[in-house]
Amino acid sequence: MAIEKAGIDAGGTLVKVAYEENDRSIRYVKLTSDPLESVAAWIRNELPEAQLCLTGGRASRLLNLLGRPAVFVSEFEATCEGARRLLEQGGKQWDRFLLTNVGTGTSIHIVSREGAARVGGTGVGGGTILGLSRLLAGTGDFGSIVKVAQAGRRDATDLKVSHIYEGAVPPIDGNLTASNFGRVEETIRRSAGLEESAVFPAEDVLASVIGMVGETVATVSVHAAGQHAAQVIVYIGSSFEWNGPLQEAVASYTRFRGAEPYFAPNGAFSGALGALLALTPHSRCSDPRYNE
């Protein structure tokens, strides 16, 4: 039997799809956004009769390529509602939590039983990892970046608190980063004194890039959580998938600053799932407007 309905989250880098099969189980598919024409062709072939709900920054352009009616829903509403459902499926239910969505950039929401609202964000996210990795190490493939970074060390590039208080007891944890990439010049000077050239292996550079993004995301999130009386921070987004270094950086900084991190399984599909749920009558994020 044909698939009856599907939610589609058309983002700047990826398009995520959530659809319901005949046994009522949810299936997820991820496609690259570029070229968007290929995404439209996939939808026409795989979801020819499905009722569609679209969300995300490229939803309007995708709809034009499809040339068929669809429901639109706010990206923020879809993401929060989808995340709620994923947490329920995983047996996690908090009365109040912060939701940090790390995609190309980072968007932060406060979610409670009363509703959800966007409370901030930062331009630092997965796109930062891709961009800086291309500029600094010559690679823009996300999977390769993560694989190489896993073997890296940040000591030669990042300045730790212990480096500043060398020979003395620091007032805070010495392993904390005092300055991302702040030790590069010192490493170069030291190598000159040893009459050798400083070498910054790609794995070390990429580990520092991911570490910087993770620490920034965690710091901004914990501050937002404190402002909105949330103890738990739920992290979602494609940037975390198969990305141990990023998860480790985010989790350690979140805990150090007094909050509890949780990485939602299938969190990257929160928007697509929320769009799918919007096709259900009386959904909290449904939008009655149709594009004819």
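**Figure 1. The whole protein, seen through its contacts.** In the protein, residues 24 or more positions apart account for 59% of the contacts with a separation of 6 or more, where contact means heavy atoms within 4.5 Å. This is a predicted model, in which local features need pLDDT of at least 70 and side-chain atom pairs count only at pLDDT 80 or more, while totals for chains, interfaces and linings use all residues. Residues are numbered from 1 along each chain as its sequence is written, and side-chain values use heavy atoms, with hydrogens and water left out. The protein has 10 helices and 13 strands; these are DSSP runs numbered from the N terminus, with helices (H or I) of at least four residues and strands (E) of at least two. The C-alpha trace spans about 70 × 40 × 30 Å along its principal axes. Of the 292 residues, 47% are buried. Here buried means under 20% relative accessible area, exposed means over 50%, and partly exposed lies in between (1.4 Å probe, protein chains only).

Figure 2. Two strands pair if DSSP finds at least two bridges between them.

**Figure 3. Strand β6 and its two partners.** Six of the seven residues of β6 are buried, so this strand is largely enclosed by the rest of the structure. With β7, β6 forms a hairpin that has three residues between the two strands. The two run antiparallel and are joined by seven bridges; look for T100, which stands opposite I108 in β7. With β11, β6 runs parallel, joined by four bridges, and here N101 stands opposite I236. Strand β7 (residues 106-112) also pairs with β8 in the antiparallel sense, over seven bridges. In that pairing, V111 has A116 of β8 as its bridge partner.

Figure 4. How many of the eight residues of helix α10 (residues 270-277) are buried? Eight of the eight are, so α10 is largely enclosed by the rest of the structure. Among these buried residues are L273, L276 and L277. The cover over them includes β1 (5-10), β2 (14-20), β3 (26-32), β4 (51-55), α3 and β11.

**Figure 5. Aromatic rings around F263.** Rings of Phe, Tyr and Trp (its six-membered ring) pair if their centres lie within 6.5 Å; planes under 30 degrees apart count as stacked, over 60 as edge-to-face and the rest as tilted. By this rule the count comes to six aromatic pairs. One of them is the stacked pair of Y235 and F263, at 5.5 Å centre to centre with 25° between the planes. This pair links distant parts of the chain, with Y235 in strand β11 and F263 in strand β12, 28 residues apart. Y235 is buried at 1% relative accessibility, whereas F263 is partly exposed at 22%. The rings of F240 and F263 have centres 5.1 Å apart and planes at 65°, so that pair is edge-to-face. F240 is in the loop between β11 and α9 (244-256) and F263 is in strand β12, so the pair ties together parts 23 residues apart in sequence. F240 is buried, with a relative accessible area of 5%.

**Figure 6. Where helices α4 and α8 cross.** The axes of α4 (residues 126-137) and α8 (residues 202-227) come within 10 Å and cross at roughly 155°. The two helices are therefore roughly antiparallel to each other; angles under 35 degrees count as roughly parallel, over 145 as roughly antiparallel, 65 to 115 as roughly perpendicular and the rest as oblique. Residues making the contact include I129 and L132 of α4 and V205 and V209 of α8.

Definitions and conventions: Axes are lines fitted to C-alpha atoms, for helices over the stretch in contact, and angles run from 0 to 180 degrees between N-to-C directions.
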